[in-house]
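The following briefing concerns a single protein chain. Please consult the sequence and the three-dimensional model while reading the points below.

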Amino acid sequence: MATLIRDPILEERILAERAARGADRFDEVWEGVYVMPPMPNDEHQMLVGRFQRILDEIIGDASLGHVRPGVNVSDRTEAWQQNYRVPDVAVFLNNSSAVNCDAFWYGGPDLAVEILSPGDQDRDKLPFYAQVKTKEVLIVDRNPWQLELYRWQAVTKSLQCVGTSTAASNQTVMCQTVPIGLQLQTGTHRPVILIELRDSQKTWSI
């Protein structure tokens, strides 16, 4: 259920309370509209932590770029707070066109990972990610479980789905920005995300 607050005093109080509790860490602003996503549950946070650790091992440890959890990404350098998104995990390679502006990155990451939670609008963020020329977006849908990989298409200037994987499909989605393939496999309590480093025997399971 969406809530529109027109009382500026109430709005200021709610935002101050969220900031004091640290609950605003994943809040976003969509063209001047303040968006409060649902708080991530334990599984969501576990997935973010594992993706961040694995990608940092592949990219960060090899000095190929930077991996950030929950970083601000904007399409402008002036008044950036008026329009930004916060991917769960972001990879910026050394040759990335994005610029680190300390409080935020100007321009899209090479790879953004979004973990879906009930009630969030991560797929609605794809046009913004395309606008800032994010090269790839991996969406981890948990209801039902599915991996979706979107890739920047210069001709259409949009992000198009180039692969999906479900536990039943036995399909692997192959990233271009990071040398990995991802596949959902049947697990005991939920599907398992298998990540394989290309041209290597190295694998991780989440």
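L64 counts as partly exposed because its relative accessibility is 41%, where buried means under 20% relative accessible area, exposed over 50% and partly exposed in between (1.4 Å probe, protein chains only). The model is predicted, and local features need pLDDT of at least 70, side-chain atom pairs count only at pLDDT 80 or more, and totals for chains, interfaces and linings use all residues. Residues are numbered from 1 along each chain as its sequence is written, and side-chain values use heavy atoms, with hydrogens and water left out.

- L64 lies in the loop between α2 and β3 (65-69); helices (H or I, at least four residues) and strands (E, at least two) are DSSP runs, numbered from the N terminus.
- Beyond its neighbours within four places in sequence, L64 is in contact (heavy atoms within 4.5 Å) with I58, I59, L93 and N94.
- A separation of 9.8 Å is found between the C-alpha atoms of L64 and V178, which are 114 residues apart along the chain.

**Overall composition**

- The protein contains three helices and 16 strands.
- Of its 206 residues, 45% count as buried.
- Among contacts between residues at least 6 apart in sequence, 49% join residues at least 24 apart.

**Helix α2**

- Helix α2 (residues 42-60) has 19 residues and spans 25 Å from its first C-alpha to its last, close to the 27 Å expected at 1.5 Å a residue; the expected span is 1.5 Å times one less than the number of residues.
- The buried residues in α2 are H44, L47, V48, F51, I54, L55, I58 and I59. They lie on the same side of α2 because they cover an arc of only 145 degrees around the axis, the arc being that of the directions from the helix axis to the C-beta atoms.
- At the start of α2, a side-chain oxygen of N41 comes to within 3.3 Å of the backbone nitrogen of E43.

**Strand β6**

- Strand β6 (residues 89-93) is largely enclosed by the rest of the structure, because five of its five residues are buried.
- V89, V91 and L93 point one way from β6, whereas A90 and F92 point the other way.
- β3 and β6 run antiparallel and are joined by five bridges; two strands pair if DSSP finds at least two bridges between them. P69 stands opposite V89 in β6.
- β6 also pairs in the antiparallel sense with strand β9 (residues 111-115), over three bridges, and V91 stands opposite L111 in β9.

- β14 is mostly covered, with five of its six residues buried.
- Strand β13 (residues 172-174) pairs with β14 in the antiparallel sense over three bridges, and a hairpin joins the two through five residues.
- β14 and strand β15 (residues 192-197) pair antiparallel over six bridges, forming a hairpin with six residues between them.
- Q183, found in β14 (residues 180-185), counts as buried because its relative accessibility is 12%.
- The side chain of Q183 makes a polar contact with the side chain of Q185 (3.2 Å). A polar contact is a pair of N or O atoms within 3.5 Å; within protein, one must be able to donate a hydrogen and the other to accept it, and residues adjacent in sequence count only if both atoms are side-chain atoms.
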